[in-house]
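Before reading on, please take a moment to look over the sequence and the model shown here.

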Amino acid sequence: PMDMPSDTEIQTFIVSTFRSVWALELVQILRNSPTRQFSRSELIETLRASDSVVHQGARSLMAAGMVVVDDEGIRMHDLDKRSGDLLD
């Protein structure tokens, strides 16, 4: 279809959004439960990662507008169609 992201758009999106494999893993977990709020401790346990890794991944995804981080935890941000297409 014509409105599918191009390979260049996808590559640019990946390089600019996912600074590490951990960030990619984090967004996959969040994307699988888009309405769920995860605590940092849940994500640390699920990813088997350090607090620092989860914090850095969440910060990079928050800067990209993909997640919401607050005192309650971390959850997926409501993505526009284009951003959702890039993740699919």
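**The chain as a whole**

The model described here is a predicted one. Its protein chain holds 5 helices and 2 strands, and these elements, read along the sequence, are arranged in the pattern α-α-α-α-β-β-α. The chain has 88 residues, of which 31% are buried. Among contacts in the chain with a separation of 6 or more, 59% are accounted for by residues 24 or more positions apart.

| Helix | Residues | Number of residues | Span | Expected span |
|---|---|---|---|---|
| α2 | 21–32 | 12 residues | 17 Å | 16 Å |
| α4 | 51–63 | 13 residues | 18 Å | 18 Å |

In helix α2, the span is close to the expected value. The buried residues of α2 are Ala 23, Leu 26, Val 27, Ile 29 and Leu 30. Seen down the axis of α2, these buried residues fall within an arc of 160°, so they line one face of the helix. The face of α2 that is turned away from the buried side carries the exposed residues Val 21 and Asn 32.

Helix α4 likewise has a span close to what is expected, and its buried residues are Val 54, Gly 57, Ala 58, Ser 60 and Leu 61. When α4 is viewed down its axis, the buried residues lie within an arc of 165°, so they line one face of this helix. On the face of α4 turned away from its buried side are the exposed residues Gln 56, Arg 59 and Ala 63. Following α4 comes Gly 65, whose phi is positive, near 80°.

**How the helices pack**

Two packed helices are described by the angle between their axes and the distance between the axes. Helices α2 and α4 pack at an angle of about 75°, with their axes 9 Å apart. Because angles of 65 to 115 degrees count as roughly perpendicular, α2 and α4 are therefore roughly perpendicular to each other. On the α2 side the contact involves Trp 22, Ala 23, Leu 26 and Val 27, which meet Val 53, Val 54, Gly 57, Ala 58, Ser 60 and Leu 61 in α4. Sorted by class, the contact of α2 with α4 has 8 nonpolar, 2 polar and no charged residues.

Helix α3, which covers residues 40–47, also packs with α4: the axes of the two come within 9 Å and cross at roughly 110°. Helices α3 and α4 are therefore roughly perpendicular to each other. The contact is made by Arg 40, Leu 43, Ile 44 and Leu 47 of α3 together with Asp 51, Val 54 and His 55 of α4. By class, the contact of α3 with α4 has 4 nonpolar, 1 polar and 2 charged residues.

**Single residues**

Which residues does Ser 60 touch, not counting residues up to four places away in sequence? Ser 60 is found in helix α4, and with that exclusion it touches Thr 17, Arg 19 and Ala 23. At 16% relative accessibility, Ser 60 counts as buried, because buried means under 20% relative accessible area.

Val 27 has its place in helix α2 and counts as buried at 3% relative accessibility. Val 27 and Ala 58 are 31 residues apart in sequence, and 8.6 Å apart in space from C-alpha to C-alpha.

Two loop residues complete the description. Gln 37 has its place in the loop between α2 and α3, and at 28% relative accessibility it counts as partly exposed. Leaving out residues up to four places away in sequence, Gln 37 touches Glu 42, Asp 70, Glu 72, Gly 73, Ile 74 and Arg 75. Gln 37 and Ile 74 are 37 residues apart in sequence, while their C-alpha atoms are 5.5 Å apart in space.

Arg 48 lies in the loop between α3 and α4 and is exposed, with a relative accessible area of 76%. Phi of Arg 48 is near 55°, which is a positive value in a residue other than glycine.

Terms used
Residues are numbered from 1 along each chain as its sequence is written. This is a predicted model: local features need pLDDT of at least 70, side-chain atom pairs count only at pLDDT 80 or more; totals for chains, interfaces and linings use all residues. Side-chain values use heavy atoms; hydrogens and water are left out. Helices (H or I, at least four residues) and strands (E, at least two) are DSSP runs, numbered from the N terminus. The expected span of a helix is 1.5 Å times one less than its number of residues. Buried means under 20% relative accessible area, exposed over 50%, partly exposed in between (1.4 Å probe, protein chains only). The arc is that of the directions from the helix axis to the C-beta atoms. Axes are lines fitted to C-alpha atoms, for helices over the stretch in contact, and angles run from 0 to 180 degrees between N-to-C directions. Angles under 35 degrees count as roughly parallel, over 145 as roughly antiparallel, 65 to 115 as roughly perpendicular and the rest as oblique. Contact means heavy atoms within 4.5 Å. Ala, Val, Leu, Ile, Met, Phe, Trp, Tyr, Cys and Pro count as nonpolar, Asp, Glu, Lys and Arg as charged, and the others, Gly among them, as polar.
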